[in-house]
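Hi there,

Here is the structure I promised to pass on to you. Have a look at it first, and then read my notes below.

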Amino acid sequence: MPKNDNINSIIDHKLFTEDDIHKMCVKLGKQLTQDYAGKQPLVVGALKGAVFFLTDLVREMNVKEEIDFLDVSSYGNELESSGKVDLISDLQTDVKNRDVLIVEDIVDTGLTLKYVKDLLKKRGAKSVKCCVLLNKETNRRTDVEIEYYGSKVGNEFVVGYGLDFMNFYRNLRFIGVLKPEVIASLKNN
Ligand code: XMP
Ligand code: MG
């Protein structure tokens, strides 16, 4: 599949512009600066989708923080959660007694964040909170608490700003909704 040269053929409409996303990062960054004042949180990004959001978010946080990444997968190339979460790549940092902030691009069923939260709590983190850019509430299958989020979204498949379709389109500066026929063509294959 060609990379970004056929973007109009896959995007139905834009949901968030670059400016919308920037405003969400600024707002969340201010809140996190207040809430983590005097602490040295470990900010944990979930690869690969959260990379773009994390780099913008931490630069809006006036806090002495450390950054680490882990890679979890519940999707593969599919559009719906398999319900199974795998830890593909682990943190390098010991989370014992740390205030941990998990950063994710989007929460859908909540299974991924529940898995990561439980794992880091089990390892002895002092606190574990989540900050997600987009909160897709309608598909939630767990009661995982999402302490911070940028915006709610409906049950539509979104791409851009880290979010992918078959691993493409992460580098779009905006977030757009995928055309239904693109999703249908994937389902029929
Ligand atoms: P769960 O269901 O565990 O899933 O909360 C979270 C992960 O699912 C992916 N996801 C999406 N990826 N557009 C995407 O590109 C979407 O609309 C979407 N909805 C869920 C994403 O990888 C997230 O980390
Ligand atoms: Mg993800």
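Let's start with one pair of residues: Cys131 has Tyr148 of strand E7 as its bridge partner. Strand E7 covers residues 148-153, and E6 and E7 pair in the parallel sense over five bridges. Two strands count as paired if DSSP finds at least two bridges between them. Helices (H or I, at least four residues) and strands (E, at least two) are DSSP runs, numbered from the N terminus.

Before we go on, please keep in mind that this is a predicted model: local features need pLDDT of at least 70, side-chain atom pairs count only at pLDDT 80 or more, and totals for chains, interfaces and linings use all residues. Residues are numbered from 1 along each chain as its sequence is written, while chains are lettered from A and ligands numbered from 1 in the order in which they are written.

E6 also pairs with E5, in the parallel sense over eight bridges, and there Val107 stands opposite Asn135 in E6. Together, E5, H4 and E6 make a right-handed β-α-β unit (with the strands pointing away from the viewer, the path from the first strand over the helix to the second runs clockwise).

Now for the ligand. Of the 19 residues around ligand 1, the nearest are Ser81, Asp108, Thr109, Thr112 and Leu163 (near means that the C-beta atom, placed from the backbone, lies within 6 Å). Two or more shell residues come from each of strand E5 (99-107), helix H4 (111-122) and strand E8 (158-159). E5 gives the largest share, four residues.

Happy exploring!
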